[in-house]
Amino acid sequence: MASPTPRERPLSPHLTIYRPQLTSMTSILTRITGNALIVGAFLMVWWLGALATSPEYFAFVDGLITSWLGDLVMTLSLWAVWYHYLAGLRHLYFDSGHGLDIPTAEKLGWACIIGSVVLTVLTLIIL
Amino acid sequence: MRFLTDRKRAEGRGASHTGTQHHWYMQVSAFGLALIVPTFLVIFGRALGSGYENAFATMGHPVPAIVTGLVLLVGMQHFRRGAQILIEDYTRKSTRKVLIMSVIVLSYGLTATGLFALAKIAL
């Protein structure tokens with residue numbers, strides 16, 4: 001017979017107990033970039049709100065986001081979008097049951113890292 | 001004594017208690033975002049720092065306004081679920097609940113603010 005009270009479920013183990021590997025690092029980076037993009041999302045909404053408010057307020061917010069610090073945050077956010085984008089596509093591929101052997105998974109990891117940098121540079125050139 | 005077996009308690013729900021709903025939503029939203037995010041990056045990147053007149057005219061056009069609205073709406077729902085799993089992985093009890101509620105409130109708050117701004121600019 002089952003015990004009447006279910007045991008408390010365990011939390012995820014601490015990341016520090018694992019030896020760093022390309023596959024785990026690129027996976028963790030997916031989570032970090034995805035969550036860090038809240039900063040870029042907040043700045044974009046602030047910018048839109050300012051655009052809807054008045055030319056003076058827009059000049060203030062737009063100036064802030066295109067200052068050197070704003071440029072740095074937006075460039076990092078751009079890279080975060082591209083990294084998360086590629087890692088997300090990789091996730092969809094993994095989910096369909098493909099590319100899970102270690103050599104392929106490692107190649108896909110490098111594809112995410114190198115691809116995200118290349119796409120960031122290309123986007124900056126286009127803009 | 002309860003006459004519920006472990007199997008009966010687990011059936012169809014999994015660790016999340018919602019079955020595969022979350023996973024399916026993330027797959028669908030990832031696919032949708034993959035379609036529109038590149039276009040959005042170019043629209044927003046070009047409008048940024050291009051001056052009030054130009055930015056206002058750009059964001060007022062149907063395609064930039066729709067793409068931006070969609071990225072914001074779907075992106076924030078995608079974020080809300082991703083962030084919730086992060087919280088569920090590393091916190092428990094009241095901390096977990098407060099953080100999850102905060103993430104949901106923040107997501108809807110940003111979405112509503114952004115959509116209101118877009119409506120005001122475009123209409």
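This is a walk through a predicted two-chain model, from the chain contact to single residues.

Local features need pLDDT of at least 70 and side-chain atom pairs count only at pLDDT 80 or more, while totals for chains, interfaces and linings use all residues. Residues are numbered from 1 along each chain as its sequence is written, and chains are lettered from A and ligands numbered from 1 in the order in which they are written.

Start with the contact between the chains. Chain A gives 32 residues and chain B gives 36 residues. Two residues are in contact if their C-beta atoms, placed from the backbone, lie within 7 Å. On the side of chain A that touches chain B, the elements giving two or more residues are H1, H2, H3 and helix H4 (102-126) of chain A. Helices (H or I, at least four residues) and strands (E, at least two) are DSSP runs, numbered from the N terminus. H1(A) gives the largest share of that side, 12 residues. By class, the side of chain A divides into 22 nonpolar, 7 polar and 3 charged residues. Ala, Val, Leu, Ile, Met, Phe, Trp, Tyr, Cys and Pro count as nonpolar, Asp, Glu, Lys and Arg as charged, and the others, Gly among them, as polar.

Now follow H1(A) to its partner in chain B. The axes of helix H1 (residues 22-53) of chain A and helix H5 (residues 93-122) of chain B come within 8 Å and cross at roughly 35°. Axes are lines fitted to C-alpha atoms, for helices over the stretch in contact, and angles run from 0 to 180 degrees between N-to-C directions. The crossing of H1(A) and H5(B) is left-handed. That term applies if the near helix is turned anticlockwise from the far one by less than a right angle; clockwise is right-handed. Residues of H1(A) in this contact include A:Ala41, A:Val45, A:Leu48 and A:Leu51. They meet residues of H5(B), among them B:Leu110, B:Ala117 and B:Ile121. The contact has 10 nonpolar, 3 polar and 1 charged residues.

What lies at the core? The largest nonpolar core has 39 residues, and A:Leu48, A:Leu51 and A:Val81 touch the most other members. A nonpolar core is a set of buried Ala, Val, Leu, Ile, Met, Phe, Trp, Tyr and Cys residues joined through C-beta atoms within 7 Å. A residue is buried if 20 or more other C-beta atoms lie within 10 Å of its own, exposed if 12 or fewer, and partly exposed in between; C-beta atoms are placed from the backbone. Not counting residues up to four places away in sequence, A:Val81 touches A:Leu37, B:Val37 and B:Leu41.

In helix H2 (residues 55-65) of chain A, A:Phe58, A:Asp62 and A:Ile65 are buried. They share one side of H2(A) because they cover an arc of only 60° around the axis. The arc is that of the directions from the helix axis to the C-beta atoms. The face of H2(A) turned away carries the exposed residues A:Glu56 and A:Gly63. The buried residues of H2(A) pack against H1 and helix H3 (68-95) of chain A, together with helix H3 (52-60) of chain B.

In H3(B), B:Ala55, B:Thr58 and B:Met59 are buried. Their arc is only 90° around the axis, so they lie on the same side of H3(B). They pack against H1 of chain A and against H2, H4 and H5 of chain B.

Within chain B, H2(B) and H4(B) pack at about 140°, with their axes 8 Å apart. This crossing is also left-handed. The contact has 13 nonpolar, 8 polar and 1 charged residues.

Finish with single residues. B:Ile87 is found in helix H4 of chain B. B:Ile87 is partly exposed because 19 other C-beta atoms lie within 10 Å. Leaving aside neighbours within four places in sequence, B:Ile87 is in contact with B:Arg96, B:Leu99, B:Ile100 and B:Val103. B:Lys93 is in helix H5 of chain B. With 8 other C-beta atoms within 10 Å, B:Lys93 is exposed. Its phi is near 55°, a positive value in a residue other than glycine. Most residues other than glycine have a negative phi.
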